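Subject: A structure to look at together

Hello! Please open it first and then read on.

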Amino acid sequence: MRPLVVPILMALGLFLVAAMPVRAADPEVDRLLQAPIGKDWVTNGGNMTNQRYSTLKQIDTTNVKQLKGAWMTRLKGSGLGGKYSFEATPLVKDGIMYISTGNDDVFALNAKTGEILWEHWSGIGQTISTVCCGWLNRGLAMGEGMLFIGQLDANVVALDIKTGKEVWRTPVEDWHNGYGITNAPLYYDGIVYSGITGGEFGIRGRLTALDAKTGKILWRAYTLPAPGEPGGDTWPAGTTHYSRDARRRQFVLRLDPRG
């Protein structure tokens with residue numbers, strides 16, 4: 001019977017490991033994402049409900065009329081100009097505010113004084129020709145000591161939250177093919193999620209999941225189904241209308257009266 005002891009113990013050990021709950025990659029941020037919003041604002045919608053509702057009570061109907069400006073900070077010309085918009089919701093944690101601009105630059109500010117603590121300049125090329133509706137960025141995600149931003153050149157970039165230095169960069173697609181990213185990514189339990197923009201160029205939409213530590217793409221879920229996928233039977237048989245290349249050709253033909 002003795003030779004069976006080792007295999008049995010190994011099997012039991014594997015069973016126990018599989019049965020143990022997986023530890024969250026960033027338990028503090030994951031907790032904040034699932035809790036009512038207090039002094040920290042760690043994701044675009046406040047928490048996972050996206051209700052943008054804070055439980056703080058310093059401001060109420062009796063004193064809201066007394067609100068006034070506390071400070072103003074100029075972000076060194078980032079996103080300054082007619083082609084840029086400033087649409088990002090700042091993230092706040094431990095008294096530091098993190099904000100992205102229409103040029104995909106990121107700044108960390110002292111939330112009480114507005115002092116710039118660090119800055120990260122995207123270096124994004126100014127000749128990108130597939131931005132249809134103004135240069136903008138809608139915000140950041142936070143987790144595991146990093147900030148995550150999607151860029152107009154279809155890269156997802158991770159920055160060290162303490163210094164602003166780049167940790168990793170992953171091209172989700174090639175902007176030359178009509179793709180870009182303007183949405184605020186979402187972080188939860190070790191994974192960063194990002195959508196894509198470019199529908200006006202006939203791209204195939206998708207949600208992309210990336211490993212927060214490395215930037216490795218874990219999976220993609222396409223919003224336009226291919227034949228054989230759920231919903232794929234809505235396309236005419238024998239066509240490739242779901243694909244970016246086919247849809248882009250149709251888009252060009254519709255716009256160009258020369259056919």
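Is Leu33 buried or exposed? Leu33 counts as buried, at 3% relative accessibility. Here buried means under 20% relative accessible area, exposed means over 50%, and partly exposed is in between (1.4 Å probe, protein chains only).

Before going further, a word on the source. This is a predicted model, in which local features need pLDDT of at least 70 and side-chain atom pairs count only at pLDDT 80 or more, while totals for chains, interfaces and linings use all residues. Residues are numbered from 1 along each chain as its sequence is written, and side-chain values use heavy atoms, with hydrogens and water left out.

**The whole protein**

The protein has 3 helices and 12 strands. Helices (H or I, at least four residues) and strands (E, at least two) are DSSP runs, numbered from the N terminus. Of the 259 residues, 41% are buried. The accessible surface is about 15,100 Å², and carbon and sulfur atoms hold 59% of that; such areas come from the Shrake-Rupley method with a 1.4 Å probe, and for residues only the protein chains shown count as cover. Among contacts (heavy atoms within 4.5 Å) with a separation of 6 or more, 47% are between residues 24 or more positions apart.

**Back to Leu33**

You will find Leu33 in helix α2. Leaving out residues up to four places away in sequence, Leu33 touches Val42, Thr43, Asn47, Met48, Tyr187 and Tyr188.

**Salt bridges**

Side chains of opposite charge can pair when their charged atoms come close. The rule used here for a salt bridge is a side-chain nitrogen of Lys or Arg within 4 Å of a carboxyl oxygen of Asp or Glu.

- Lys39 and Asp40 pair through their side chains, with 3.4 Å from N to O. Lys39 is exposed at 60% relative accessibility, whereas Asp40 is buried at 11%.
- Glu119 pairs with Lys76, and their closest N and O atoms are 2.5 Å apart. Glu119 belongs to strand β4 (residues 116-120) and Lys76 to the loop between α2 (27-34) and β1 (91-93), so this pair ties together parts 43 residues apart in sequence. Glu119 is partly exposed, with a relative accessible area of 30%.
- Lys93 pairs with Asp94, with 3.0 Å between the closest N and O atoms. Salt bridges with shared partners join Glu28, Lys93 and Asp94 into one network.

Lys93 sits in strand β1 and is buried, with a relative accessible area of 10%. Apart from neighbours within four places in sequence, Lys93 is in contact with Glu28, Leu32, Asp40, Val42, Tyr98 and Met142.

Asp94 is in the loop between β1 and β2 and counts as exposed at 52% relative accessibility. Most residues other than glycine have a negative phi. The phi of Asp94, however, is positive, near 55°. Glu144 also has a positive phi, near 55°. Glu144 lies in the loop between β5 and β6 (146-150) and is buried, at 17% relative accessibility.

**Pockets**

On a 1 Å grid over the protein atoms alone, a pocket is an open set of points where a 1.4 Å probe fits, with protein on both sides within 12 Å along at least five of seven lines; lining residues have an atom within 4 Å of a point. Grid points are joined across faces, edges and corners, and a volume is the space filled by probe spheres set on the points.

Which residues are closest to the centre of the largest pocket? This pocket has a volume of about 440 Å³. Of its 13 lining residues, Gly38, Lys39, Ser54, Leu56 and Val92 are the closest to the centre.

The second largest pocket has a volume of about 230 Å³. Its lining has 17 residues, and Lys93, Asp94, Tyr98, Gly145 and Ile161 lie nearest its centre. At least two lining residues come from each of α2, β2 (96-100), β4 and β5 (141-143).

Enjoy exploring, and write back with your questions!
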